[in-house]
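Here is my note on the model you sent over. Please read it with the structure open beside you.

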Amino acid sequence: MFAAILLLLPGCDAFTDPATRIAGDIVAGESRLGREEGAKSSIRHKTPSKGGECEGAYKVQFDKVGALVIWCYDGGGNTVSSHITTSHGRTVDTAQTWILDKPAGSTLTIELERRGGRSVIVDVR
């Protein structure tokens, strides 16, 4: 049994969703952000999903209170799934609320800046 669990560990991505993967990219990007006040870093998330998941257009919301929400659409614009996380909020604050509609396969860019000793999401596009 233990060996089977170890074999699954490299595929832990199988247990995540698009919001959690974006949050993971934010946390990883925060760890690369310089510690000096005003340091800046850019995170580029190429798609909100892995193959076979959230392949159409999507909407993403970065909420000022720390929630990250994503809605995945099919070709007809119908919502096929939605996902939410706040896991990135332990290390990153959000300066304001952003809601973006993104075409299928488009890159999500998240700008971080060091402000008052904290990492802050200062722009999303």
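This is a predicted model: local features need pLDDT of at least 70, side-chain atom pairs count only at pLDDT 80 or more; totals for chains, interfaces and linings use all residues.

How many bridges join strand β2 to β6, and in which sense do the two strands pair?

1. **The β2 and β6 pair.** Strand β2 covers residues 58-62. It pairs with β6 over five bridges, in the antiparallel sense.

2. **The chain as a whole.** The protein chain has two helices and eight strands. Along the sequence, the pattern reads α-α-β-β-β-β-β-β-β-β. The chain has 125 residues, and 40% of them count as buried. Its accessible surface is about 6,800 Å². Carbon and sulfur atoms hold 55% of that surface.

3. **The open sheet.** Which strands form the open sheet, and in what order? There are four, in the order β4-β3-β2-β6, with antiparallel pairing. The edges are β4 (79-85) and β6 (98-102). Each has a single partner strand, so one side of each is left without a neighbour in the sheet. On average, neighbouring strands of this sheet are turned by 10° against each other, direction ignored. Helix α2 lies across β2, β3 (68-73) and β4. It runs at about 135° to β3.

4. **Strand β8 and its partners.** A reminder before you look: strands of a sheet pair through backbone hydrogen bonds, either parallel or antiparallel. Strand β8 (residues 118-124) is parallel to β5 (residues 92-94), and three bridges join them. Here threonine 94 has isoleucine 121 of β8 as its bridge partner. With β7, the sense is antiparallel, over six bridges. In that pairing, glutamate 113 stands opposite valine 120 in β8. The hairpin of β7 and β8 has two residues between the strands. Glycine 116 takes a positive phi there, near 55°.

5. **Threonine 109.** Is this residue buried or exposed? Threonine 109 counts as buried, because its relative accessibility is 7% and the cut-off for buried is under 20%. Threonine 109 sits in strand β7 (residues 108-115). Leaving aside residues up to four places away in sequence, threonine 109 touches Ser42, Ile43, Arg44, Asp123, Val124 and Arg125. Look at isoleucine 43 in particular. It is 66 residues from threonine 109 in sequence, yet the two C-alpha atoms are 5.6 Å apart.

6. **Glutamate 37.** Now a residue at the other end of the scale. Glutamate 37 counts as exposed, because its relative accessibility is 54% and exposed means over 50%. Glutamate 37 lies in the loop between α2 (18-32) and β1 (40-45). What does glutamate 37 touch, not counting residues up to four places away in sequence? The answer is Arg114, Arg115, Gly116 and Gly117. A polar atom of the glutamate 37 side chain lies 3.3 Å from the backbone nitrogen of glycine 117. Glutamate 113 is 76 residues from glutamate 37 along the chain, with 8.1 Å between their C-alpha atoms.

How values were computed: Residues are numbered from 1 along each chain as its sequence is written. Side-chain values use heavy atoms; hydrogens and water are left out. Buried means under 20% relative accessible area, exposed over 50%, partly exposed in between (1.4 Å probe, protein chains only). Contact means heavy atoms within 4.5 Å. Two strands pair if DSSP finds at least two bridges between them. A polar contact is a pair of N or O atoms within 3.5 Å; within protein, one must be able to donate a hydrogen and the other to accept it, and residues adjacent in sequence count only if both atoms are side-chain atoms. Axes are lines fitted to C-alpha atoms, for helices over the stretch in contact, and angles run from 0 to 180 degrees between N-to-C directions. Accessible areas come from the Shrake-Rupley method with a 1.4 Å probe; for residues, only the protein chains shown count as cover.
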